[in-house]
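Please look through the sequence and the structure shown here before reading on. The report below then takes up a few places one at a time.

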Amino acid sequence: MTPRIPSSSREVVLARYPRGMPQVGDFDLVERPLRAPRTGEILVRNTYMSLDPVVRVRLTEGGGGYPSPITPGSTLDGWAIGHVMESSAVGFAAGDVVLQRFGWRDFAVLDTTTTNWGDPVVVPIDDVRTESRYLGPLGPSGLTSWAGLLRVAALAPGDVVFVSGAAGAVGSLVVQLAVARGHQVIGSAGSAAKVAYLTERLGAAAAFDYHDGPVVERLRDSAPTGIDVYFDNVGGEHLEAALDVMNPGGRVALCGQISQYNAMDGSQRGPSNLFLATVKGLTLRGFLARMFASDLATFQDEVAAMMANGAVTSAETVRHGLDAAPQALVDLLGGGNVGKMLVCLD
Ligand code: NDP
């Protein structure tokens, strides 16, 4: 039976700028009219949406330096997977599964005539390449892990690798990619259960809960010969500790700074020991996944093959229904996820 074309869509809208940790009351769920797709457009029903920490930065007045700030009254956006319900576009047919950036709503009418990062693309689905994994290890999160470790940090034989936020979407794939290449990997995360997950399930040589004392002491205990690569998901005290413990010539992939995202109003904490980068000849390089868009197919083929042979596993924390999305964001920022945090909209 052909699904009924909706005349409106529920959307999550920013009600007011959060102060510190967001609250559910900072968001509204509203119903907005939906028009039929015009030439070059498709109507999509979202099945999964991704929860991404950077949304918190975009919810800061001025946008925290990140492109496309979200202002009160506007609908949030972010990565999503959906099914094409109706197409007026070449290359898209009803039933196609598309990856795109119009999450935080049940339905969306999308332009297909441009090819910017995040514009809709049809993705193939099979036992390994499942819908939800296109938001995790086979999608933008996974590309972040792969490109950050291999291209930005330029992982080299023998490197000892430290990963913060190691039990999350990006971190858990970084750990597994490095372990699969034979590296000694140290992970940090926010609970004993996550620490056990890293050492017992993902193959990390050591892991610690960063709540259990100064990060620099925990890291020194875990990496007595120092570290050569630091994949930084957290910033703040973690970055400072990594600079302290890093061996000469070490590399830092500056992926994210989640410990600072609730303080983007100007009270962020930077590392006080940056001079060590000079003394030790370190390389610190920031990046966004979109800067490696041309590697997407290469990365997907590699990680899909690793998933098919069991070298990479993927954890998901899934909430249900659009009305659960604001709480899911709060929980993501508070560490309530293992692996990829998703909302299922089906
Ligand atoms: P995660 O799945 O890792 O979820 C976020 C995790 O951050 C939480 O589960 C929590 O885990 C941890 N966390 C929260 N607050 C703190 C804190 N104060 N100190 C230490 N850890 C904290 O999210 P993602 O994998 O999607 O993202 C990880 C990082 O990568 C983020 O910084 C994000 O912005 C960045 N990123 C960058 C991209 C890029 O293109 N450069 C693209 C995608 C993500 P715990 O229980 O361990 O505290």
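## About the model

This is a predicted model, in which local features need pLDDT of at least 70 and side-chain atom pairs count only at pLDDT 80 or more, whereas totals for chains, interfaces and linings use all residues. Residues are numbered from 1 along each chain as its sequence is written, and side-chain values use heavy atoms, with hydrogens and water left out.

## Two pairs of packed helices

Two packed helices are described by the angle between their axes and the distance between the axes. Here the axes are lines fitted to C-alpha atoms, for helices over the stretch in contact, and the angles run from 0 to 180 degrees between N-to-C directions. Helices (H or I, at least four residues) and strands (E, at least two) are DSSP runs, numbered from the N terminus.

Helix 5 (residues 215–222) and helix 6 (residues 236–245) have axes that come within 8 Å and cross at roughly 45°. The two helices are therefore oblique to each other; angles under 35 degrees count as roughly parallel, over 145 as roughly antiparallel, 65 to 115 as roughly perpendicular and the rest as oblique. On the side of helix 5 the contact (heavy atoms within 4.5 Å) is made by V215, V216, L219 and R220, and on the side of helix 6 by E237, H238, A241, A242, D244 and V245. These residues divide into 6 nonpolar, 1 polar and 3 charged, where Ala, Val, Leu, Ile, Met, Phe, Trp, Tyr, Cys and Pro count as nonpolar, Asp, Glu, Lys and Arg as charged, and the others, Gly among them, as polar.

Helix 2 (residues 140–152) packs with helix 8 (residues 296–308) at an angle of about 95°, their axes being 10 Å apart, and these helices are therefore roughly perpendicular to each other. G142, L143 and W146 of helix 2 meet L296, T298, F299, E302 and V303 of helix 8 in this contact, which has 5 nonpolar, 2 polar and 1 charged residues.

## Aromatic pairs

A search of the whole structure finds 6 aromatic pairs. Rings of Phe, Tyr and Trp (its six-membered ring) pair if their centres lie within 6.5 Å, and planes under 30 degrees apart count as stacked, over 60 as edge-to-face and the rest as tilted. One of the pairs joins W79 and W117, which is edge-to-face, with 5.4 Å centre to centre and 80° between the planes. W79 lies in the loop between helix 1 (54–58) and strand 4 (80–87), and W117 in the loop between strand 6 (107–111) and strand 7 (121–122), so the pair ties together parts that are 38 residues apart in sequence. W79 is buried, with a relative accessible area of 10%, while W117 is partly exposed, at 26%; buried means under 20% relative accessible area, exposed over 50%, and partly exposed in between (1.4 Å probe, protein chains only).

F162 and Y230 form a stacked pair, 4.9 Å centre to centre and with 15° between the planes. Ring pairs link F162, F208 and Y230 into a cluster.

## Buried residues

V185 is found in strand 9 (residues 184–189) and, at 0% relative accessibility, counts as buried. Leaving aside residues up to four places away in sequence, V185 touches V161, V163, V175, A178, V179, A204, A205 and A206.

Helix 9 (residues 325–333) is mostly covered, since 7 of its 9 residues are buried. Just after helix 9, G335 takes a positive phi of about 90°.
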